[in-house]
Amino acid sequence: MRRLWWITSVWWLAAAGPAVAGRGELTVVATDPPARSMAAPVLGAIAVTFDRPVDPATVTTDGLWAFGRWSGRAAGTLSVSGDGLTVTLDPDQPLSAGESVHVLLSAELAGLDGAPMRPGGYAYQFWTAAAPAGLDLVEVDRLTTRTTPEESSRAYGGFAGDLDEDGWLDLTIVNEDTSDLRVFLNRADGSGLYDDFLQPTEPTGNVPSPSETGDFDRDGHTDVAVANTAGSSVSILLGNGDGTFGPHQEIALGTSARGIAVLDLDGDADLDVAATQIGGSDLVLLFNDGDGVFGSPAPFGAGDGSPWALAAGDFTEDGILDLVVGTQGGQRARVWAGQGDGTVALVSDQPIGGAAWMIAAGDVDGDGHEDISAANGSSGEGAILLGDGAGHFGPPQEHPVDPQVLATDLGDLDGDGDLDWITASFFGDFTLFVNDGEGTFTFEREIPATRAASCSLMLDMDRDGDLDLALIDELEDEVILLHSAGGLFADGFESGDTAAWTTTVR
């Protein structure tokens with residue numbers, strides 16, 4: 001493990017004083033960007049301030065790090081402030097516009113006085129700013145996920161990520177019929193267009209479905225966890241850094257997996273995985289050994305209500321990420337609070353407004369608390385539930401959409417500093433709702449699907465600072481690419497001019 005060392009001054013050591021029993025644990029008192037904030041600069045420092053000087057010998061690149069959901073691990077320089085209170089990560093490259101960023105601190109951190117950090121470590125999330133843009137979305141291309149016109153891949157969902165580490169976001173589509181991932185590399189020329197998918201494709205377990213990115217072996221390459229619905233398993237695929245993945249590790253769950261989430265469950269600052277288990281427990285927890293190898297599943301929950309949807313967020317605001325499960329039969333939202341020791345505890349159980357198929361988390365009303373959006377399956381409705389910061393939600397605010405709504409996605413599509421909302425319906429189209437900044441959503445438009453809308457991805461394809469759309473049709477096996485017309489760099493900046501962009505969004 002690489003360690004960063006500093007020479008400490010006599011004054012600093014004196015200020016810290018000798019190790020004193022009973023002083024309590026090393027505690028995080030502030031973060032910058034703040035937890036759950038919505039408009040952090042894409043190129044800016046990430047700083048964590050403690051209640052006492054930190055021992056620099058305990059500050060390591062594996063013990064304090066950050067991961068952008070789309071841009072990947074934020075490699076950079078770690079430093080400790082002169083008074084020892086603040087540890088800062090200065091990323092070498094910008095994060096991506098409008099993405100969620102996960103910051104992790106290990107329980108191995110300690111104060112100069114010898115006070116340890118709590119066993120659960122510390123974790124928080126924030127969102128980067130997206131440049132202001134209108135909602136003029138222009139179709140620029142359609143990608144096929146089929147090897148031949150006759151093949152059905154059933155493109156169910158996917159993710160963005162800079163898989164070949166050239167600074168541009170690639171697209172990976174998860175395919176149920178062919179049980180694989182198909183990677184489309186960004187042309188990296190500012191066009192926001194993609195080459196045909198790489199072959200051979202990346203095998204998974206049987207009928208893969210939801211997926212989440214992470215850096216499970218902490219080598220700087222983007223990895224992915226995939227729930228295999230028919231395979232009753234979870235696949236872990238470790239990235240090679242060139243757009244490909246190594247052979248997947250398949251972890252048997254004993255019954256069908258559905259929802260999936262990535263978070264640190266045990267305070268060691270590596271990313272573990274949680275999954276919902278249809279017909280079994282509410283949750284199955286999979287623990288990472290730090291090298292991307294996962295052990296046997298640990299089940300939690302009563303197993304009632306047909307657990308289905310899953311998302312992670314700090315719903316109780318204690319610096320340990322929690323899980324929210326959406327159920328089908330019970331039509332409930334169940335918050336399981338992370339305890340930091342590899343266990344979770346049920347803190348709330350309330351109506352979600354329908355048979356939950358998918359959940360997305362984010363602060364939609366700007367009050368600093370995590371909220372959720374839900375795609376409520378056969379009920380043909382999406383729902384917004386506002387969080388109170390203590391693990392509870394208000395009543396579902398229901399919005400009618402097309403039948404059999406499968407997906408819900410949040411992102412600042414118009415760049416006004418709040419999260420907008422898109423749903424996707426199997427028997428219909430993609431529905432866009434615009435947020436007024438206070439968590440009230442207004443129908444904006446439907447974007448037609450050719451046959452069956454299954455998922456939407458909001459990402460900056462052309463690196464102009466605003467969010468574009470990749471819309472996935474699971475029966476047509478196509479990805480519709482829509483670029484946002486306008487955006488920051490339409491006003492004279494060159495694409496990728498992150499220095500100008502950072503100045504603007506600060």
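Biologist: Why is W308 called buried?
Modeller: The relative accessible area of W308 is 14%. Buried means under 20% (over 50% is exposed, and the range in between partly exposed, with a 1.4 Å probe and protein chains only), so W308 is buried. This is a predicted model, in which local features need pLDDT of at least 70 and side-chain atom pairs count only at pLDDT 80 or more, whereas totals for chains, interfaces and linings use all residues. Residues are numbered from 1 along each chain as its sequence is written, and side-chain values use heavy atoms, without hydrogens or water.

Biologist: What makes the pair of W308 and W357 tilted?
Modeller: A search of the whole structure finds 10 aromatic pairs. Rings of Phe, Tyr and Trp (its six-membered ring) pair if their centres lie within 6.5 Å; planes under 30 degrees apart are stacked, over 60 edge-to-face, and the rest tilted. The centres of W308 and W357 are 5.0 Å apart and their planes stand at 55°, so the pair is tilted.

Biologist: Why is this pair said to tie together parts of the sequence?
Modeller: W308 belongs to strand 22 (residues 307–313) and W357 to the loop between strand 25 (344–351) and strand 26 (358–362), so parts 49 residues apart in sequence are tied together. A strand is a DSSP run of E, at least two residues, numbered from the N terminus.

Biologist: Why is the pair of F315 and F393 called edge-to-face?
Modeller: Their ring centres are 5.7 Å apart and the planes stand at 75°, so the pair is edge-to-face. F315 lies in the loop between strand 22 and strand 23 (322–327), and F393 in the loop between strand 28 (381–385) and strand 29 (397–400), so this pair joins parts 78 residues apart in sequence. F315 is buried at 3% relative accessibility, and F393 is buried at 10%.

Biologist: How do you know that the charged end of R463 sits over the ring of W168?
Modeller: The charged end of R463 is 4.0 Å from the centre of that ring. A charge sits over a ring if NZ of Lys or CZ of Arg is within 6 Å of the ring centre and within 35 degrees of the ring normal.

Biologist: Which residues have the most contacts inside the largest nonpolar core?
Modeller: They are L171, Y194, F245, L457, L459, A470 and L481, in a core of 28 residues. A nonpolar core is a set of buried Ala, Val, Leu, Ile, Met, Phe, Trp, Tyr and Cys residues joined through side-chain atoms within 4.5 Å. Among the elements that give two or more residues to this core are strand 34, strand 35 (468–473) and strand 36.

Biologist: Why do strand 9 and strand 34 stand at the edges of their sheet?
Modeller: The open sheet has four strands in the order 9-36-35-34, with antiparallel pairing. Strand 9 (137–144) and strand 34 (453–459) each have a single partner strand, so one side of each lacks a neighbour in the sheet.

Biologist: How do you know that strand 9 and strand 36 pair?
Modeller: Two strands pair if DSSP finds at least two bridges between them. Strand 9 and strand 36 (residues 478–484) share seven bridges in the antiparallel sense, and R142 has I480 as its bridge partner.

Biologist: What makes strand 7 mostly covered?
Modeller: Six of the six residues of strand 7 (residues 100–105) are buried. On one side these are S100, H102 and L104, and on the other V101, V103 and L105.
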